[in-house]
Amino acid sequence: PYAQHYGVVPPPPPDGSLVLGAVGARHGAAQAALGEITALARTLPDPYLISRVLGRREAVSSSALEGTHSTLSELLVVDEDDHGATQAVRQVRDYARALEHFLPRAAESGRDLFRRDLVQALHRAVVAHDPGYRDVPGRLRQGSCHVNCSVLSNALP
């Protein structure tokens with residue numbers, strides 16, 4: 001049934017290091033900025049405040065790309081008190097919480113992180129308050145895919 005579908009499999013990454021060229025300077029600037037944030041965090045009574053706000057800002061921006069709009073202020077309020085929150089703000093909060101849970105595990109696990117059970121758990125967490133999501137959260141699709149679903153589901157360990 002997928003005879004009309006095709007895809008491109010990219011070559012494997014090189015064994016050695018990648019040449020960054022002009023990107024190297026930008027990478028160095030980003031590393032310096034992270035160093036400044038780390039130094040600032042050491043002066044705060046609760047360094048979690050910085051990572052919490054940065055993660056929430058990312059969630060607001062990423063969710064806006066998908067058409068789910070919230071503000072950072074709304075998100076920080078709903079983190080503390082869910083009462084009166086809109087569905088959109090709850091969706092952004094769920095995304096932020098999933099990101100917050102995922103990043104430390106990614107740092108520890110590396111590539112081994114991408115296992116079927118984790119991908120399904122993340123999906124359940126992200127769509128928990130999405131009224132427009134019609135399928136079962138966390139379940140892999142078996143039909144209506146734009147690519148061969150069995151190939152995708154078998155690719156995850």
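## Arg-90 in helix H4

Arg-90 is found in helix H4. The model discussed here is predicted. Arg-90 has a relative accessibility of 15%, and because the cut-off for buried is under 20%, Arg-90 counts as buried.

Two polar contacts involve the side chain of Arg-90. One of its polar atoms lies 3.0 Å from the backbone oxygen of Ala-85. The other contact, of 3.2 Å, is made with the side chain of Gln-87. Leaving aside residues up to four places away in sequence, Arg-90 touches Asp-82, Ala-85 and His-129.

## Helix H2 and its packing

Helix H2 covers residues 48-65, which is 18 residues. From its first C-alpha to its last, H2 reaches 26 Å, close to the 26 Å expected at 1.5 Å a residue. Just after H2, Gly-67 takes a positive phi of about 90°.

The buried residues of H2 are Ile-50, Arg-52, Gly-55, Arg-56, Ala-59, Val-60, Ser-62 and Ser-63. They pack against H1, helix H3 (72-80) and helix H4 (87-109). Helix H4 is also the place of Arg-90.

Val-53 belongs to helix H2 as well. Its relative accessible area is 30%, so Val-53 is partly exposed. Between the C-alpha atoms of Val-53 and Ala-96 the separation is 9.9 Å, and the two residues are 43 residues apart along the chain.

## A nonpolar surface patch

Leu-18, Leu-20 and Val-23 make a nonpolar surface patch of about 290 Å². Val-23 sits in helix H1, which runs over residues 23-43. With a relative accessible area of 49%, Val-23 is partly exposed; the reason is that exposed requires over 50%.

## The chain as a whole

The protein chain has six helices and zero strands. Read from the N terminus on, its elements run α-α-α-α-α-α. Of the 157 residues in the chain, 21% are buried.

The chain exposes about 11600 Å², and carbon and sulfur atoms supply 59% of that area. Among contacts between residues at least 6 apart in sequence, 46% join residues at least 24 apart.

Notes: Residues numbered from 1 in each chain as written. Predicted model: local features only at pLDDT ≥ 70, side-chain atom pairs only at ≥ 80, totals over all residues. Heavy atoms only, no water. Patch = residues over 30% accessible without salt bridge, like charges linked within 9 Å, V, L, I, M, F, W, Y side chains within 5 Å. Areas by Shrake-Rupley, 256 points an atom, 1.4 Å probe, with all protein chains shown as cover. Salt bridge = Lys/Arg side-chain N within 4 Å of Asp/Glu carboxyl O. Helix = DSSP H or I, 4+ residues; strand = E, 2+ residues; numbered from the N terminus. Buried < 20%, exposed > 50% of the residue type's maximum accessible area, 1.4 Å probe, protein only. Contact = heavy atoms within 4.5 Å. Expected span 1.5 Å × (residues − 1). Polar contact = N/O pair within 3.5 Å; in protein donor to acceptor, adjacent residues only side chain to side chain.
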